[in-house]
Amino acid sequence: MFVGDSLSLNQWQSLTCMLHTANPLVQYKSVRVGDLSVFSFPAYNLKIMFSRNAFLVDIVGTSVGRVLQLDSVRGATLWKNVDVLIFNTWHWWLHTGRKQPWDLIQDGQVLVKDMNRLVAYEKALNTWAKWVDTNVDPAKTRVFFQGVSPDHNK
């Protein structure tokens, strides 16, 4: 399972394309429900999934707006019992204005309009890492993480 933003999406698409090209006659299914895309080969009992979660922590709608919760990974239930987890996050942390997908940031019980993005990123990664340490059995699941991706400008 790939989890992250467009970088993970591109990697997921490349892998599914390569696998299909290796055996173009095999039946496959491609399904998207919300932020989860699943490409499967039933004959091989194989699923390659992509979970769109650019921050690895939750953004929830509340009465005061969209809140980026630095200490919450409720969306991680999808990640359990997967053989390989490939995470990435970084690009969207720097977006502001219309491209920023949250209105407020929640740090523990404190709501703020904004904060140092590197501090927010570190807090979110600590939340994610604690989830991995608590919920992933390294004997059954391989975990990979890709952080800062190359700049798209140059």
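Me: In which helix is the place of Ser8?

Reply: Ser8 sits in helix α1, which covers residues 6-22. Keep in mind that this is a predicted model.

Me: Ok. Is Ser8 buried or exposed?

Reply: Ser8 counts as buried, because its relative accessibility is 0%.

Me: What does Ser8 touch, not counting residues up to four places away in sequence?

Reply: With those set aside, Ser8 touches Phe2, Val3, Phe50, Ile86 and Asn88.

Me: On to the packing. How many residues are in the largest nonpolar core, and which have the most contacts inside it?

Reply: That core has 30 residues. Met1, Leu68, Leu70, Trp79 and Trp93 are the ones with the most contacts inside it.

Me: And which element gives the largest share of this core?

Reply: Helix α2 does, with seven residues. Elements that supply at least two core residues each include β3 (36-41), β7 (84-88) and α2 (117-135).

Me: Take Leu70. What is Leu70 in contact with, leaving aside neighbours within four places in sequence?

Reply: Leu70 is in contact with Val57, Trp93, Ile105, Gln106, Asp107, Met115, Ala120, Lys123, Ala124 and Thr127.

Me: Which residues are among those of the other core, the one lying apart?

Reply: Trp12, Phe41, Ile48 and Phe50 are among them, and that core has seven residues. Phe50 is also one of the residues that Ser8 touches.

Me: Now the outside. Which residues form a nonpolar patch on the surface?

Reply: Leu19, Tyr44 and Leu46 form one, and together they have about 270 Å² of accessible area.

Me: Where is Leu46 found, and why does Leu46 count as partly exposed?

Reply: Leu46 is in strand β4, residues 46-52. Leu46 counts as partly exposed because its relative accessibility is 34%.

Me: Change of topic, charges. How many salt bridges does a search of the whole structure find?

Reply: The search finds four. One of them pairs Asp58 with Arg74, with the closest N and O atoms 4.0 Å apart.

Me: Where do Asp58 and Arg74 lie?

Reply: Asp58 is in strand β5 (residues 58-62), while Arg74 is in the loop between β6 (65-69) and β7. The two are 16 residues apart, and the pair links distant parts of the chain.

Me: Asp58 first: buried or exposed? And Arg74, buried or exposed?

Reply: Asp58 is buried, with a relative accessible area of 9%, whereas Arg74 is exposed at 53%.

Me: What does Arg66 form a salt bridge with?

Reply: Arg66 pairs with Asp103, and their closest N and O atoms are 2.9 Å apart. Arg66 belongs to strand β6 and Asp103 to the loop between β7 and β8 (104-107), so this pair links distant parts of the chain, 37 residues apart. Arg66 counts as partly exposed at 37% relative accessibility, and Asp103 counts as partly exposed at 25%.

Methods:
Residues numbered from 1 in each chain as written. Predicted model: local features only at pLDDT ≥ 70, side-chain atom pairs only at ≥ 80, totals over all residues. Heavy atoms only, no water. Core = buried A, V, L, I, M, F, W, Y, C linked by side-chain atoms within 4.5 Å. Buried < 20%, exposed > 50% of the residue type's maximum accessible area, 1.4 Å probe, protein only. Helix = DSSP H or I, 4+ residues; strand = E, 2+ residues; numbered from the N terminus. Contact = heavy atoms within 4.5 Å. Patch = residues over 30% accessible without salt bridge, like charges linked within 9 Å, V, L, I, M, F, W, Y side chains within 5 Å. Areas by Shrake-Rupley, 256 points an atom, 1.4 Å probe, with all protein chains shown as cover. Salt bridge = Lys/Arg side-chain N within 4 Å of Asp/Glu carboxyl O.
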